[in-house]
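Visitor: I would like to learn how to read a structure with two chains, beginning with the place where they touch.
Guide: Let us look at it together.

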Amino acid sequence: MIPASFDYTAPTTLADALAALAQGGDDAKILAGGQSLLPVLKLRMAAPGLLIDLGKIDELRGVRMEGDTIVVGAMTTHHDVIADPLVREHLSLLAKTTEQVADAQVRYRGTLGGALAHADPAGDLGAVAVALDAQMRIAGPNGSRSVPASQFFTDYFTTALAENEILTGIAFDSFAGWGAHYEKFHTVSQAWSTVAVAAAVLVAGGTVTAARVALTNMGPTPIRARGVEAALIDGPASDDAVRAAALAATQGTAPVDDATAPAAYRSHLAQVLTGRAVLAAAG
Amino acid sequence: MTTTEAPPAEIGRPRTRKEDQHLITGHSTFTDSMVLPGMVHLAMVRSPLAHATITSIDTTAARKAPGVVGVWTGRDFPEQGGLACAWPITPDMKSPVHLPVPTDTVNHVGEIVAVIAARTKAEAVDAVELVDVQYSELPVVTDLAAARDGSAPVIHGDLGTNVSATWVFDSGAAGTGGDASAAIEAARSDPDQIVVERTFRQQRLIPAYMEPRSTVCDPNGAGDQITIWSATQIPHILRTMLTLSQGIPEGKLRIIAPDVGGGFGGKLEVTPEEVATIMVARQLGKPAKYTETRSETMMAAHHGRDQIQHLTMSARKDGTITGFDVDLTANMGAYLALVGPGVPILGAFMYNAIYKIPAYRFSCTNVFTNEVMTDAYRGAGRPEATFAIERMMDELATELGMDPIEVRRRNWIRHEEFPFTTVAGLTYDSGNYEEATDKALRHFGYDDLRAEQQRRRESGDRIQLGIGTSTFTEMCGLAPSRVLGSLSYGAGGWEAASIRMLPTGVVEVVTGISPHGQGHVTGFSQIVADRLGVPFENVKILHGDTNISAKGLDTYGSRSLAVGGIAVVKAADKVIAKAKTIAAHLLEASEDDIDFAHGSFTVRGTESSVTIGDIALATFTGHNLPDGVESSLDSEAVFDPENFSFPHGTHLCAAEVDTETGKVTIRKYVAVDDVGVVINPLLVDGQVHGGLAQGIAQALYEEAQYSADGQLTSGTFVDYLVPSAVDLPDYITDKTITPSTSNPLGVKGVGEAGTIASTPAVVNAVLDAVRQFGVADIPMPMTPARVWQAIQDGSTAAGSNSSSTGGAA
């Protein structure tokens, strides 16, 4: 488990990182928390010539309020996301999902931005970004741009990030007061999600007034379950109504079919877990 | 009161492990920790194909790579001998040549085709990618049934078949019981009997020890000594087998098993990697090290289990078994491993388990496939046997509509019937299945759980509850040499020990077993402290170096305590006998008047005494010894028991099945084990807990899977699911103590018990929860997808004609 040799640089500013990236071209790879990239390098499934470590760039870390928007720096570790008071107040879906990412060691090293940029369809946090309509803040040689999460994930392990761009932060509206739950289904605690569902709902007087639902590992990218949301809104937050609405969870999905879990089973799970996630979120 | 209090007995004390401080403070010395002057590092080029002819190997670029010292293909090792299989189960067993580095053909993914030596590990690994190997693909065989029935292409052309051997035991022929075929035939036409026929699949498992395999070889010892450090369970066997298979004189070989991080049978092997490392070191005249990656462990180290079990049982309608036929197909992989062919045969004596079965037949056909070899994995043959019989007992109970515990009671050997000679020809010395079962039922709350199960069924609860039973026994303490000889095993089963009484009160105990995580240093210290009456702290256990422990047969088969521990006791008794003569002389008394207790020799009826430490010092000075007595208390002993030991127990599992997702959660697990006299309850609990984890993992999580073209698709821990503590329940463990009569301590083995017992308990529990939906069986591992699918299929199949499934969704 020794990676092929590579050059390494750890710039202290975003500008320097972008410059290094421009210089390294397609032979360069961004290193965030390393929890996915390092195993890939050690297994020699990738052999970039240059690693640009973002770990020393302070401006990419931490959670801040910008007006009504909560911005999580791309290099904020999962552990710091979970502990952050702004996240806990405004983004409980993000906090609750991040608590279920991998294990404590990974959460101390892995970062929100790294996980999202890696875009593993079985990764947990993409569904949160999609459900909450996060804006992905991206810096490149020509300045900054913002991409909605729904357009950020484009395919398996593929995002809207260009080769010369860096994800700098993830901006969310406030979901203070919403109920939230991440229903993760995996065979053992260390395994990836077979299927998982992120749900946030606003319930008033027993009626669902707003709902956000997204699915993990039901296709090449995280999938917003808009059909479920539509079926939920203005309906009762009752067991029967929620489970009926959850049947729409398979709309627009394309789950993989493998020995671990046939596609039909994943589709069934998506419906069951959606019901459970929404009911748990509705409290 | 000033009388001397006897010190508390060490045996039975929950001592924490002597080994742990060394291990957990970072002072461990694993093989990979070894650094020798001038040492080169090796990396292996491995076959990406399961079956192919090697048409060419171009090593030019690799040889020129930075730091590379040399590159070897199979043809560059003219000295290499075939790896030996030590267990020819039949005289006509077919065994292909197994070169450590094959020259012409690769027969499984991961076989070594070239070896690279470089100044650093990184340089060696970099050069792997520069070796250009051309292959011509051959047809791949992964289907056991096809390998057996001749419909698959022959893998080893010179053998002419994919069948290695068929081994048969028939109680009618052996005179230990009736004719099973006749009994089953008779049952088929007897209205008062039923015949239950099932086929189960024992999936392939990966031992998954924590420390990957590693070997360091220093070829430059004084007197041509070749020193080999290896992460092995079997330093002594490795030494002998290297001589037999590679022609290196045994006297030149010193094998050291330093700290070894687990094995579970997976390091009971003489490996291609060990031989390749030795060959490179000897050719270069430099020390060489090879440590595998986890991916290489998964792909190239031996696997376990992998059988198809076809089982036929006949019984009277009151539940009494009348006949049992076992027909196995066992996957050997591409070659025969060290004891691989014998692993399923070890099970032959255990399919009858704790039951009085009047007629029994066992047949096992070992076949070759293009997969990595199988060999010992925790339990080795006995988990497979226990699974089969305990599943069948539940199947029988289901067919007869009886309580599964009651069916077992009807058939098991009652405690007053010991010693009991079984239909397989073994004599069980002792046991008390009734007591263990009663105790387990009390801990479990059996009746309450059955009532809850009924409530959940009636209400159609999303969570259904099932109860699984496993009343098991096993034969362990591998010995006796005569029995192993009768099975054509290539070695004995004795164990050796020696004791050295140092002048300062330290007792050095040398044992031939080779611990790799069990805690033997602690347990053996307790035994010796009690036996010799010396402080626990003063006992030093030495092992795992053939220059120190010259004689031994190592650690596997739950033999270390029940065989190795007894050798230590016998050596200690010899020390006492020697010391007694000297004590009598020093105390000026007759030897007949000397008593020994708590480390002191006392003239009976007097206060006159001398300690064993005093006598050790007296032999050091030699100033005052009786005439003709040599100046030493040191002793050696070998123990070869006349019988195995037979631990047993009752395991009960309550499993919850989420019928919407198929996920299984173990709600409660009770293990009441009888491992005889307990030396250290902490160590016993540790063994039981770890064993349960591995047995439960077979039921629910783990499976080594090959694709049809022979690629290992579960080659990382992302796909090969080893559970962690989070995934496993709290265990309720308890014991009954029925001392073994085959050794003076009354101990039995415990290393494998949890693994052997637990798998069928879990599977029986899951099936008990979902049979109501028409589910007859679910293959292991019982993954959520499989459980859910079984419920869907069962419900569909049961469908219209099932009226008793009120809980069905």
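Guide: Two residues are in contact if their C-beta atoms, placed from the backbone, lie within 7 Å. By that rule, 20 residues of chain B are in contact with 17 residues of chain A. On the side of chain B that touches chain A, the elements giving two or more residues are α3 (121-128) and α21 (784-798) of chain B; helices (H or I, at least four residues) and strands (E, at least two) are DSSP runs, numbered from the N terminus.

Visitor: Where do the numbers and letters come from, and how far may I trust the picture?
Guide: Residues are numbered from 1 along each chain as its sequence is written, while chains are lettered from A and ligands numbered from 1 in the order in which they are written. This is a predicted model, in which local features need pLDDT of at least 70 and side-chain atom pairs count only at pLDDT 80 or more, whereas totals for chains, interfaces and linings use all residues. Here pLDDT is the predictor's confidence in each residue, from 0 to 100; chain B has a mean of 95, with 98% of its residues at 70 or more. Where pLDDT is low, the predicted coordinates should not be read in detail. In chain B, pLDDT stays under 50 over residues 799-809.

Visitor: At what angle do helices α16 and α17 of chain B pack?
Guide: Two packed helices are described by the angle between their axes and the distance between the axes. Axes are lines fitted to C-alpha atoms, for helices over the stretch in contact, and angles run from 0 to 180 degrees between N-to-C directions. Helix α16 (residues 520-532) of chain B and helix α17 (residues 560-586) of chain B pack at about 30°, with axes 10 Å apart. α16(B) and α17(B) are therefore roughly parallel (angles under 35 degrees count as such). Among the residues making the contact are F524(B) and I527(B) of α16(B), and V568(B) and A572(B) of α17(B).

Visitor: In what order do the strands of the open sheet in chain A lie?
Guide: Two strands pair if DSSP finds at least two bridges between them. The 5 strands of this open sheet have the order β4-β5-β10-β6-β7 (chain A), with antiparallel pairing. At the edges stand β4 (63-66) and β7 (143-148) of chain A, each with a single partner strand, so one side of each has no neighbour in the sheet. Strand β5 (residues 69-73) of chain A is joined by 5 bridges to the antiparallel strand β10 (residues 166-173) of chain A, and I70(A) stands opposite F172(A) in β10(A).

Terms used: Angles under 35 degrees count as roughly parallel, over 145 as roughly antiparallel, 65 to 115 as roughly perpendicular and the rest as oblique.
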